[in-house]
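Biologist: Could you take me through this one step by step? I would like to hear what stands behind each word you use.

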Amino acid sequence: MQKFSDKIEYILEYGGEKRAIFQLIISGLSLLISLGKPSFLPFDTAWIAILFCGCPIILEAALKLITEFDIRADVLVSIALIASIAIGEIFAAGEVAFIMQLGSLLEEFTVSKARAGIEKLVHLTPQTARVLRNGMEEIIPAENVQTKEMVRVLPGETIPVDGIILSGQSSVNQAVLTGESLPVDKTIGDEVYSGTVNQFGSLEIQATKVGEDSSIQRMIHLVQSADAGKAKIVRLADRWATWIVITALTAAVLTWLISGELIRAVTILVVFCPCSLVLATPTAIMAAIGNATRHGFLVREGDALERLSSISKITFDKTGTLTCGTPQVVAARSLSSEYSDTDLYALAAAAEQYSEHPLGKAIVEGYKNKINDTLFSAEHFQMIPGEGIIATVKERSVLAGNTKLLSSHHIEISSGVNLEMEELLSHGCTLIYIAINHCFTGYIALSDTVRQESAGVIDGLKKLQVQPVLLTGDNEKAASFIGNQLAIDDIHAHCLPEDKLKWIASYQKQQENVCMIGDGINDAPALKKADVGIAMGGIGSDIAIDAADIAIIDDKIEQLPHLIALSRRMMLVIKCNLTFSMGLNFVAILLAITGMINPIMGALIHNTGSVLVIINAFLLLHYKN
């Protein structure tokens, strides 16, 4: 029976949306022709609407009823269609079938198929690994690496396992796991994770977690499992289908028995058909989606706005969401009377011009954009992975890097200067220390700056009674600094993907509906787990966008309060439409029982109600918060 069911469903779905639209157009034209009742045609053209729109409804309703005993609104529609045809009311049958199929098509437009993006995440998993066995390097499939084996990772390669560095030092881009905008310096004894990228030096790693236990595989499983339990749109008419069918049949049979007029019973079945109920939700959602698109949001899941209307907490990733996502120079300080701040900046930018490190590139870009687009020439450039760079500029030796670089060259920083720099570090800045001719000369501070619109967005959310939460992979100081700037009280730092997932789950256990906004691959599980996931569409990773229900097309978050207000307005419109639809049905049923209307009049009343529902819904297109 199940195989037969699958075949029928395939037949019904074959051809897709284009075929459905074509059939609706032909059916609509056939009803218009039927209404004019041209005498030269050998048959009533309303039969075309019944064939294209009615037969699929009857077939699918019968299939669900027989195979699954699933009583849906389509069961009542099928009974009304068959009864109308039986007493010769062909136009009424065609019109009801047309309106029901129109509602179904609108629902198809608003309900997207799930796009988890798992395939893209799987592509991030390293396929091979360089394993050191008996002093020789072998390239083997990454899943065949055993724990405690030695793995070599060259510059630019993705780390295939979780492990501990036994030899070498480098900078590792961990954005795939933590979302941090800056690479992290790693040396002997530090832990590294699968899926992250080794940027500069060669590393030899002892594997601690391999295969399914590795970080990248755990994140894939998180994304796969986090979507479970998300509600999908269910037609109100289908929720109440059993009672609608029982009530309609009871009313029709009693009216027939009491009045003795079959046409009254058929009219009751026709007006009981939940056409406007079917249209109430999808038309409002379509209009709201159109409004959201005009304000820079791409709604990928049909019921996302329905879920968004009830959120009470909104969790933000920091980097690339509330902040710009790229390091920028915020201060250049010379501590020597021999060099001004600008001189220090110029020498550091010249020394960094051949660097591939993101911080070095940020110093060069900052100098070119703000000071001078021409750099001094640099010679004898040397990059020391995990420490910094050394170069000769204008016959001066310039060192730019971290404290390890200064220590290895026996350059000391005075305690008084340390206090000054501690304040910048507490604000979430990263410091590049500059030494000229082997004397500590000053520093350049870089920071991921807050977006201009972020403060207004947080304020707007609070006015809507939505509490903002910050979930970030950065350290406490950087997280607190950004949180305090934006007046966010609920802050959680050092969050790996599973940590973000746990925080969202804990809020949901407290009966909070949670929306998550993020941009990185590391945010994908949280975007799936949240009641609503919103991804940054421009700078965000493809995997984050695929995991989300909504994407911000141009990465401008200032319209976020409007989106939430729009979702709430949409639900109000849906409730108004449903109330109106049920009221209209009630009046039409009374008229049908008393014999004041016939099936055609009943279908026209339904048609009028459906048009009014559509008009009210599409007013959402012009809604402004």
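Biologist: What makes helix α11 (residues 262-272) largely enclosed by the rest of the structure?

Modeller: Buried means under 20% relative accessible area, exposed over 50%, and partly exposed in between (1.4 Å probe, protein chains only). In α11, the residues Arg264, Ala265, Val266, Thr267, Ile268, Leu269, Val270, Val271 and Phe272 are buried. That is nine of the eleven residues, so α11 is largely enclosed. Please keep in mind that this is a predicted model: local features need pLDDT of at least 70, side-chain atom pairs count only at pLDDT 80 or more, and totals for chains, interfaces and linings use all residues. Residues are numbered from 1 along each chain as its sequence is written, and side-chain values use heavy atoms, with hydrogens and water left out.

Biologist: What makes a stretch a helix or a strand here?

Modeller: Both are DSSP runs, numbered from the N terminus: helices are H or I with at least four residues, strands are E with at least two.

Biologist: Why is Gly296 called buried, while Glu453 counts as partly exposed?

Modeller: Gly296 has 10% relative accessibility, so it counts as buried. Glu453 has 21%, and therefore counts as partly exposed. Gly296 sits in the loop between α12 (275-294) and β10 (297-299), and Glu453 in the loop between β17 (439-450) and α19 (454-463).

Biologist: Which residues of α21 are buried?

Modeller: They are Pro497, Lys500, Leu501, Ile504 and Tyr507. They cover an arc of only 125° around the axis, so they lie on the same side of α21; the arc is that of the directions from the helix axis to the C-beta atoms. An α-helix has 3.6 residues a turn, so residues three or four places apart point the same way. Lys502 and Lys509 are exposed, on the face of α21 turned away from its buried side.

Biologist: What makes strand β21 (residues 532-536) mostly covered?

Modeller: Five of its five residues are buried. Val532, Ile534 and Met536 are on one side, Gly533 and Ala535 on the other.

Biologist: How do you know which strands pair with β21?

Modeller: Two strands pair if DSSP finds at least two bridges between them. Four bridges join β20 (residues 514-518) to β21, running parallel, and Met516 stands opposite Gly533. Strand β22 (residues 550-552) is joined to β21 by three bridges, also in the parallel sense, with Ala551 as the bridge partner of Ala535.

Biologist: Why do β6 (184-186) and β8 (197-198) stand at the edges of their sheet?

Modeller: Three strands form an open, antiparallel sheet in the order β6-β5-β8. β6 and β8 each have a single partner strand, so one side of each is left without a neighbour in the sheet. Two bridges join β5 (residues 170-173) to β8, and Asn173 stands opposite Val197.
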